[in-house]
Amino acid sequence: MRRLKYNQAISEATVQCMERDPNVFVAGIGVKDPGGIFGTTEDANRRFPSRVFDIPNCENAFAGITIGAAAMGKRPLVVHPRNDFMFLTTDMLINLAAKWKYMYQNGSSVPVVTRGIVGRGFGQGATHSQSTHALFGHFPGLYVATPCFPSDMKGLLVSALTGDVPVVLIENRAVYNLEDDVPEEPIAIPFGKGRVIREGTDVTIVGASLMAYESLRAAAILSEQHGVSAEVIDPRSIRPLDEEIILESVAKTRHLVVADTSHATYGFAAEVAAVAAEKALGDLRAPVKRVTLPDSPAPVTKSLEEIFHPSPMSIAQACLDVLKAEAQVTSHLRDVQEAFAGPY
Amino acid sequence: MTGKDATTLLREMIRIRVAEETVGRYYPEQEMRTPTHFSIGQEAISVGVCQALEHTDAAYSGHRCHAEYLAKGGSLIGMFAELYGRVDGCCRGRGGSVHLNAPEVGLIASSAILGETIATAVGSAWAFKMDGSSRIAVTFFGDGVTEEGIMHECLNFASVMQVPVLFVCGNNGLSTNTPLSVRQPKGHQIWKWAAGYGIPAVHVDGGDVFAVHEAAKQAVAHIRAGNGPYFIEAPYFRARVHVGYESDAEKNYAFRSKEAVEAGMALDPVAKATRTLIADGVCTQAEVDAWTAALVQEVEDVVAAAKASPYPSTDELLVGTY
């Protein structure tokens, strides 16, 4: 075991899957660029240049093209440097890939794997910093994951490239700075299994994507400044969602806060709150609280961008609120992307 | 063309026509509960092209897929049981009329969303190219698809990547009921779009199965030799309303003039091929009548078998989602 950064974990999983299965190929705008999509496709291109494809701009068609390739036995790994462009893929991924196995019932499936990166910081703005996971998570037939930590990303990417279900992987740009212990072997992590990333007794925080890390930072504030013990759960995949791990934790802490990188309405946080309401209402001592993006598109200007994203402080404050602690969070941790000098 | 090849083309068309007329006859019973877009008038394109393909070639169709499904070799029971929503249907009742598929004979998928199966055909062709395979992919679609952005993305991609794909546009001049005149520039010809992307493109009479077949053979030879994509535009007359078995007159539709409908119906590709082969002495009317009668009986037996096939049990509802 050694420590790897998020992009190194992606790169390693990609190369290892390409070594083991000649049908795996990588494609997307700029995957052959020097630097290789934040360092995730560079090694694959060096090792297997004939299986890494730079392509014309055609997100809609290309999603379908990869489905047609997958129907012939290929295992496409498509990369979108900004997942906002995946709105152009929704017909293909939702109307066709997600429904293929059910609708055609001939034993075939089209396991296309789509990676999309969420921008964060340096004014990425309204159309370069949204997170599309809840949109794709709504529809049966897809697996959708939002891994936060390098080891989880590696395991889920291996799972995606060796399974038979179409997969959407949403990666927040800010988690590219994280590193952790990553197994050298390509060990698959199953979809639908969350992970308790910090144990606690007073309140459960479920954080998707970057919010898993921000929730850890919130838990540190709560512990150090307020004597509150928070349990933090990284669901890792949001479809299927590991309801059990959330319900078990809520049964213990009796308080629930959900943090997400997207909006509240019809979103991931709403889903987790609904699960708790349907299955754990008797366990809850207080209403669930959601910590999400405000109800506006993302602004560019520094003054507004700084207050736009959920922070460790806003998550910690939500925890204090559900615990009716009447205390105010006064700590101030650095923004996760403070050192990001842009432009992209 | 030898007599056997020519009669194969005709008999394949009659098989499709008899199947479609049988669907039309039983459709009012309300037991086939699936929106159905009839292929009547379109048979020459489906048969002329599919007879130039191998079973190992990958074909895709759109919502008007019955003719391509049968022409590529899909089974009658797979189609009829699907229309009846039974377990012997090609989608076990999950897909309905617009999602016919028969991968064992290379009809990989059909789709009701315009343009999806253009992209999948290009993708399958790309996979064949990656593997150095001699297989090719074919996509059948209507003129309505050619206005979609995905069409142009696919023509560009196929040309840039030089993938072995055949585009077949059956142009009936209507998107549902909306005519080409309000959808595409005046005087425009669809095949010219493909030519604009550097793809060899031809225009052939979609009512003439022999002409379509000759064009398809040339296209397939071009593609299989490694020369990249090819485009065929074949106009034909849609003999029924967009969805359903009725004629324009039965629905009081007036978007096509009575004269235009009469002229269009006179282009019937099955009647045209029959006249040609009889005139050339390849077969007789009596033989055509005998083939037709045998097919009518075969399809009646298939209808009975489809109706006898069970519905999927309710505990199967989620099966296949993952």
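Tutor: Let us begin with chain B. Residues 24 or more positions apart make up 75% of its contacts with a separation of 6 or more; two residues are in contact if their C-beta atoms, placed from the backbone, lie within 7 Å. The model is predicted: local features need pLDDT of at least 70, side-chain atom pairs count only at pLDDT 80 or more, and totals for chains, interfaces and linings use all residues. Residues are numbered from 1 along each chain as its sequence is written, while chains are lettered from A and ligands numbered from 1 in the order in which they are written.

Student: What makes up the secondary structure of chain B?

Tutor: Chain B has 11 helices and eight strands. Helices (H or I, at least four residues) and strands (E, at least two) are DSSP runs, numbered from the N terminus.

Student: Why is chain B called as compact as a globular protein of its length?

Tutor: The globule rule is 2.2 Å times the number of residues to the power 0.38, and the radius of gyration is taken over C-alpha atoms. For 322 residues the rule gives 20 Å, and chain B has 19 Å, which is close, so the description holds.

Student: What share of chain B counts as buried?

Tutor: The share is 50% of the 322 residues. A residue is buried if 20 or more other C-beta atoms lie within 10 Å of its own, exposed if 12 or fewer, and partly exposed in between.

Student: How do you know that helix 10 of chain A has close to its expected span?

Tutor: The expected span is 1.5 Å times one less than the number of residues. Helix 10 (residues 268-279) has 12 residues, and its first and last C-alpha atoms are 17 Å apart, close to the expected 16 Å. Its buried residues include A:Phe268, A:Glu271 and A:Val272, and the buried residues of this helix pack against elements including helix 9 (243-253) and strand 13 (256-263) of chain A.

Student: Which residues touch the most other members of the largest nonpolar core?

Tutor: A nonpolar core is a set of buried Ala, Val, Leu, Ile, Met, Phe, Trp, Tyr and Cys residues joined through C-beta atoms within 7 Å. In the largest, of 209 residues, they are A:Ile205, A:Val257, A:Cys319 and B:Val122. Helix 8 (residues 210-226) of chain A gives this core its largest share, nine residues. Contacts of A:Ile205 include A:Ala218, A:Val257 and A:Cys319.

Student: How many residues of each chain are in contact with the other?

Tutor: 27 residues of chain A are in contact with 32 of chain B. Helix 4 of chain A supplies the largest share of the chain A side, nine residues.

Definitions and conventions. Lists of a residue's contacts leave out its neighbours within four places in sequence.
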